[in-house]
Amino acid sequence: WSAFEDSMRRRPGQRVLVHAATGGVGLVAVRHAQGTGAHVYGTAGRASKHEYLHTVMGMGTEIGRAHV
């Protein structure tokens, strides 16, 4: 967890791109970045995962499909 925290030092307003945002580590990275007030963008392979990012993870739809 310490290595994850060190690599995720974010400040409000920063932009963060999380690849495979619906995977195990990706979900943690999205939540952590959201908790710091960062603007989070994520990638996902399927439309169902795009929907998950939008509805469950609270990611917007301003860019592409649910920031993906």
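I began with the largest nonpolar core, which has eleven residues: Val-16, Val-18, Ala-21, Ala-29, Val-30, Ala-33, Ala-38, Val-40, Leu-53, Met-57 and Met-59. Such a core is a set of buried Ala, Val, Leu, Ile, Met, Phe, Trp, Tyr and Cys residues joined through side-chain atoms within 4.5 Å; buried means under 20% relative accessible area with a 1.4 Å probe, protein chains only. I found that S1 and H2 are the elements giving two or more residues to this core, and H2 provides the largest share, three residues. Helices (H or I, at least four residues) and strands (E, at least two) are DSSP runs numbered from the N terminus.

A note on the source: this is a predicted model, where local features need pLDDT of at least 70 and side-chain atom pairs count only at pLDDT 80 or more, while totals for chains, interfaces and linings use all residues. Residues are numbered from 1 along each chain as its sequence is written, and side-chain values use heavy atoms, with hydrogens and water left out.

Next I looked at S1 (residues 15-18): Val-16 and Val-18 form its covered face, Arg-15 and Leu-17 its uncovered one. S1 runs parallel to S2 (residues 39-42), joined by four bridges; pairing takes at least two DSSP bridges. I saw Val-18 opposite Gly-42 in S2.

Then I turned to Met-59, in the segment after helix H3 (47-55). Why does Met-59 count as buried? Because its relative accessibility is 2%. I also noted 9.2 Å between the C-alpha atoms of Met-59 and Gln-34, 25 residues apart along the chain.

Key. Buried < 20%, exposed > 50% of the residue type's maximum accessible area, 1.4 Å probe, protein only.
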